[in-house]
Number of protein chains: 2
Amino acid sequence: MEKYVPVLKRAKLFSDIGDDEILSMLDCLNATIRQYGKGEYAFRQGEFIHDLLILGSGRLHIQKEDYWGNLNILNEIRPGEMFGEAYIVPNSGTLMNDVIAAEESAVLFFDMERILTVCPSACPFHTRLVKNMFYTISDKNKSLVQKLSYMSQRSTREKLLSYLSDEAKRQNSSSFSIPFNRQQLADFLSVDRSAMSNELCKLRNEGMLDFHKNEFTLREPPQGHH
Amino acid sequence: MEKYVPVLKRAKLFSDIGDDEILSMLDCLNATIRQYGKGEYAFRQGEFIHDLLILGSGRLHIQKEDYWGNLNILNEIRPGEMFGEAYIVPNSGTLMNDVIAAEESAVLFFDMERILTVCPSACPFHTRLVKNMFYTISDKNKSLVQKLSYMSQRSTREKLLSYLSDEAKRQNSSSFSIPFNRQQLADFLSVDRSAMSNELCKLRNEGMLDFHKNEFTLREPPQGHH
DNA sequence: TCATTTCCGTTGGAAAAACAACATACCGAT
DNA sequence: ATCGGTATGTTGTTTTTCCAACGGAAATGA
């Protein structure tokens, strides 16, 4: 169990909690480990999840298979990442996805009841843990809402403008850089790369913005333009 | 303050907590109220939020204005709903949206620090509150992830299939009803209603599914079909 | 330096979605 | 049953996106 302390130390859930405390909390939280071989299903659609899960080592894929058997990889989980936390809620129903080990992996199981039910005195860092938990989920929540606001735009142009506009706000400057190359940005916005590239250049020609590589600058559109 | 107890009682955050406890917790959590007139800005893009917010009465609109001034109503908040919780996280940056009172409204402010820091003994329902908090956010999180998985599909057809497939899983039957009419479903999936209606009928003609009104049945596609 | 690879922009044709306009079915009220 | 309103389905046109293919620029590495 000790071998995973360095991984957990970097996990948001345990930020600001020291090595010793983490180790003692693993006990307090009733943590257990399960190993999965490459290609093995860790969880299947339809299962109930009762524990908070953190990947200790390896790599997991969150996959979805629809009614007609079409497969779709939704997400890749890296060591230290928490997952499945949304399904621990009572009456949240069963898992809607499959979780499969992309390589030999170890998953840590934490008893959720113990995390949320504060122990009387044993763990002084329990409050810290609850806060981290809340912060982690809230953060995820926030980025999901933002992404959704881009994706709900109908056209590639609008998707780009809403995303870039938000980044300008977030970085508090009309000049900013983005953490994506073109292909990644296209994937993030769920559009075709070449079409997006084309649209970006149109926007530049119209004077809405400038860019080179992943440095962007938003501009006031020329007067009289619609 | 007492007048809002019935509203809070119905709020997920206070579920399973009695009237008396709610009232005493309002004190414990340092709750305050602010009133907003119709059309007044409750919060503006760029502000920091430190408190958990619940709408006591009225109606709020979450709006977004982009760099070029285009307005977009993202969400409508009803009494009892919690909002802005994602921005309480330290270093989460400032609010990305405007919040405007669509009608005369009252907003309750709760001190987040006090919610997450468990008081020694005074509030026996504090643990319940923390759980509710977690459950509420997780629930939201789950539905966001799901919606995102539909929206990230490129075509209307794929959006429909992934949504309907998920509903079949969730209701554990290939026959199920959905909580939307056509226009609402189109809005939910961010597509054009008539195009979606058209696509649904194509799918029916291909033998993939059947429906009338908001009752759907998924079917195995006929053999030999691609 | 040269070869290889990756990234980015461009183009044209095919496919799909949006849009507008209309037809039909359904529903509630009188 | 009739009327008005709403929800849904249908069709044809316009616009947009997707897709595949290509060329040049920049980065990488031998």
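Modeller: Two residues count as in contact if their C-beta atoms, placed from the backbone, lie within 7 Å. Keep in mind that this is a predicted model.

Biologist: Which residues of α5(B) and α7(B) meet?

Modeller: Take α5(B) first: its residues here are Thr156(B), Arg157(B) and Leu160(B). By class, the contact of the two helices has five nonpolar, one polar and two charged residues. On the α7(B) side, the partners are Ala195(B), Met196(B), Glu199(B), Leu200(B) and Leu203(B).

Biologist: Are α5(B) and α7(B) roughly parallel or roughly perpendicular to each other?

Modeller: Their axes come within 10 Å and cross at roughly 70°. α5(B) passes α7(B) in a right-handed crossing. Angles of 65 to 115 degrees count as roughly perpendicular. The two helices are therefore roughly perpendicular.

Biologist: At what angle do α4 of chain B and α5(B) pack?

Modeller: Helix α4 of chain B spans residues 126-151. Its axis and that of α5(B) are 8 Å apart. The angle between them is about 145°.

Biologist: Which residues of α5(B) does α4(B) meet?

Modeller: α4(B) brings Gln146(B), Ser149(B) and Tyr150(B) to the contact. The residues of this contact divide into two nonpolar, three polar and two charged. From α5(B) come Lys159(B), Ser162(B), Tyr163(B) and Asp166(B).

Biologist: Now chain A. How do α6(A) and α7(A) lie: roughly parallel or roughly perpendicular?

Modeller: They pack at an angle of about 105°, and their axes are 9 Å apart. That value falls within 65 to 115 degrees, so α6(A) and α7(A) are roughly perpendicular.

Biologist: What separates the centres of domain 1 and domain 2 of chain A?

Modeller: The domain assignment gives domain 1 as 2-146 and domain 2 as 153-218. The centres are taken over C-alpha atoms. Their separation is 33 Å.

Biologist: Which element gives the largest share of the side of chain A that touches chain B?

Modeller: The contact takes 47 residues from chain A and 47 residues from chain B. On the chain A side, α4 (126-151) and α5 (156-170) are the elements that give two or more residues. The largest share is 19 residues, and it comes from α4(A).

Biologist: How does that side of chain A divide by class?

Modeller: Again, chain A gives 47 residues to the contact. By class, the side that touches chain B has 22 nonpolar, 13 polar and 12 charged residues.

Biologist: Which element gives the largest share of the surface near DNA strand D?

Modeller: Of the 18 residues around DNA strand D, Ser155(A), Asn181(B), Arg182(B), Ser194(B) and Cys201(B) come nearest. Two or more residues each come from α5 and α7 of chain A, and from α6 and α7 of chain B. The surface divides into four nonpolar, eight polar and six charged residues. The largest share, five residues, comes from α7(B).

Biologist: And which element gives the largest share near DNA strand C?

Modeller: There are 18 residues around DNA strand C, and Asn181(A), Arg182(A), Ser194(A), Cys201(A) and Ser155(B) come nearest. α6 and α7 of chain A, with α5 and α7 of chain B, each supply at least two residues. Four residues of the surface are nonpolar, eight polar and six charged. Five residues, the largest share, come from α7(A).

Definitions and conventions:
Residues are numbered from 1 along each chain as its sequence is written. Chains are lettered from A and ligands numbered from 1 in the order in which they are written. This is a predicted model: local features need pLDDT of at least 70, side-chain atom pairs count only at pLDDT 80 or more; totals for chains, interfaces and linings use all residues. Helices (H or I, at least four residues) and strands (E, at least two) are DSSP runs, numbered from the N terminus. Ala, Val, Leu, Ile, Met, Phe, Trp, Tyr, Cys and Pro count as nonpolar, Asp, Glu, Lys and Arg as charged, and the others, Gly among them, as polar. A residue is near a molecule or strand if its C-beta atom, placed from the backbone, lies within 6 Å of it. Domain bounds come from an automatic or database domain assignment. Axes are lines fitted to C-alpha atoms, for helices over the stretch in contact, and angles run from 0 to 180 degrees between N-to-C directions. Angles under 35 degrees count as roughly parallel, over 145 as roughly antiparallel, 65 to 115 as roughly perpendicular and the rest as oblique. A crossing is left-handed if the near helix is turned anticlockwise from the far one by less than a right angle, and right-handed if clockwise.
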